[in-house]
Amino acid sequence: MSQALKGVRILDFTHVQSGPTCTQLLAWFGADCIKVERPGVGDITRGQLVDVPGADSLYFTMLNSNKRSITLDTKNKKGMEVLERLIKECDVMVENFAPGAMDRMGLTWERVHELNPRMIYASVKGFGPGPYEECKVYENVAQCTGGAASTTGFLGGPPLVTGAQIGDSGTGLHLALGIVAALYQRNTSGKGQRVTCAMQDGVLNLCRVKLRDQQRLEKGPLTEYSQYGENIPFGEAVPRAGNDSGGGQPGWILKCKGWETDPDAYIYFITQAPVWNEICDVIGEPTWKTDPDYATPKARLPRLKAIFARIEEWTMSKTKLEAMDILNEFDIPCGPILSMKEIAEDQSLRATGTVVEVDHPKRGKYLTVGNPIKMSDSPADVKRSPLLGEHTDEVLRDLLGYSVDEIAMLKQIGATAPVKKPAAAE
Ligand code: CAO
């Protein structure tokens, strides 16, 4: 079977997380992704959070599957010549270096467009144009500046970052969509274009319900927030809402059997209005179906804390999976809190290729996350990440037509390999 992006060649100049997430997705869709790394060093994540000495870290391996790796010193004149030849041969170039780094390399959009007018040149930066555009940015900076941290956490507590990498992987996803759209437009325009995503913008896009609430707050209190039911006044900005659901159906995280010793023995419970009668029956409060204090969503709003406390009495008598089974029978939306251990061992996620085991020559078998986007005509077969420079010779020879001697020369002068220091004098 073919793949959606077969025939698309990506010059992958990305590092750390945001850019590699984007190019890994494109590679899963079948693009030939050539990762360019600094000789002898590579993507800094190869050596970060190392768990198997001498092997690439999981940080790297889990973000760079299905790619080829070549090493190239772009600060070496011959190295830059190779890079320019690569630009001419590729459809898409992706980078997420600090602001200005590509320009300092001489690879402005104008230069890249001149070298290859069909090239789609895609970048992740921390911020868009404005006061912070020159700043370097990591995940949590984006979460803080994109509205996620100020709206996450419990009322009265400090802002909180989330474990979901919405700044890095989230922006990588956004960028991938921009690239695919640009490839589609190129079919008719014949031209490449510049695609940029700022991490702050990506996080805000994912936090849009909170910008919605900011505007609603100007018209009155946010009635679905728990603090409304607790008579705690609202301030000027959207508050932290604990585990309140972000939508119109109130929800909360409730303890389940075993919570005293198991930190993940909890379930997310949603009191969805259409199944209110079923909820009342399940928890043993059938009179709440008709009691005017409980019968309608509006009547329940100021009593949510007490309602969830009563539901929790019921959930605490069941394990989270027992509760899930019972509630699902009645179409009551809920979700057990699954630990990473449970997810890693979940056989249904293995069966769908969402969690995949891969073999690596230096580290052996490891788990990685497969393509979450399933396509009926474009299978995503996850292949291990490349070793540093594993495909340098292959790419130089097969794609750019360098001879064996030329390849050796490039190595010798430090364009594709670290320059060997002369042996110390005796
Ligand atoms: N050969 C030679 N030099 C190379 C090279 C190669 N193959 N690849 C990169 N370089 C050089 C660049 O030319 C640049 O050098 P100069 O600064 O001298 O011009 C440098 O490496 C680029 O490094 P950087 O400044 O991007 O890296 P850093 O570790 O200091 O910063 C990060 C990392 C992520 C903060 C920064 O890249 C950034 O802000 N990126 C944009 C936002 C982003 O993607 N953040 C998410 C990262 S994931 O958490």
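Guide: Here is a short tour, from the overall build to single contacts.

Guide: This is a predicted model, where local features need pLDDT of at least 70, side-chain atom pairs count only at pLDDT 80 or more, and totals for chains, interfaces and linings use all residues. Residues are numbered from 1 along each chain as its sequence is written, and side-chain values use heavy atoms, with hydrogens and water left out.

Visitor: How many helices and strands does the protein have?

Guide: The protein has 18 helices and 11 strands. These are DSSP runs, numbered from the N terminus: helices are H or I with at least four residues, strands are E with at least two.

Visitor: And what box do the C-alpha atoms fill?

Guide: Roughly 85 × 55 × 45 Å, taken along the principal axes.

Visitor: What share of the residues count as buried?

Guide: Of the 426 residues, 43% count as buried. Buried means under 20% relative accessible area, exposed means over 50%, and partly exposed is in between (1.4 Å probe, protein chains only).

Visitor: Switching to charges. How many salt bridges are there?

Guide: The structure holds 26 salt bridges. A salt bridge is a side-chain nitrogen of Lys or Arg within 4 Å of a carboxyl oxygen of Asp or Glu.

Visitor: Where do R9 and D32 sit?

Guide: R9 is in strand β1 and D32 is in strand β2 (residues 32–37). Their side chains meet in a salt bridge, 3.8 Å from N to O. The pair links distant parts of the chain, 23 residues apart. R9 is partly exposed at 23%. D32 is partly exposed too, at 22%.

Visitor: Which residues are linked with R9 and D32 in a network?

Guide: R68 and E394. The four are linked by salt bridges.

Visitor: What about R111 and E114, how far apart in the helix are they?

Guide: They are 3 residues apart in helix α5 (residues 109–115), so about one helical turn separates them. R111 is partly exposed, with a relative accessible area of 27%. E114 is exposed, at 57%.

Visitor: Is E224 buried or exposed?

Guide: E224 is buried, with a relative accessible area of 12%. E224 forms a salt bridge with R216, the closest N and O atoms being 2.9 Å apart. R216 counts as partly exposed, at 33%.

Visitor: Now E285. Where is it found?

Guide: In the loop between α11 (276–283) and α12 (297–300). E285 is buried, at 18%.

Visitor: What does the side chain of E285 contact?

Guide: The side chain of R310, in a polar contact of 2.6 Å. A polar contact is a pair of N or O atoms within 3.5 Å; within protein, one must be able to donate a hydrogen and the other to accept it, and residues adjacent in sequence count only if both atoms are side-chain atoms.

Visitor: On to the rings. How many aromatic pairs are there?

Guide: There are 7. F13 and F97 form an edge-to-face pair, 5.4 Å centre to centre, with 75° between the planes. F13 is in strand β1 (residues 9–13), F97 is in the loop between β4 (92–95) and α4 (101–104), and they are 84 residues apart. F13 is buried, at 3%.

Visitor: What are the cut-offs for a pair?

Guide: Rings of Phe, Tyr and Trp (its six-membered ring) pair if their centres lie within 6.5 Å. Planes under 30 degrees apart count as stacked, over 60 as edge-to-face, and the rest as tilted.

Visitor: Which residues form an aromatic cluster?

Guide: W276, W288 and Y294 form one. The charged end of R300 sits over the ring of W276, 3.9 Å from its centre. R194 lies over the face of Y121, at 4.0 Å from the ring centre. The rule for a charge over a ring: NZ of Lys or CZ of Arg within 6 Å of the ring centre and within 35 degrees of the ring normal.
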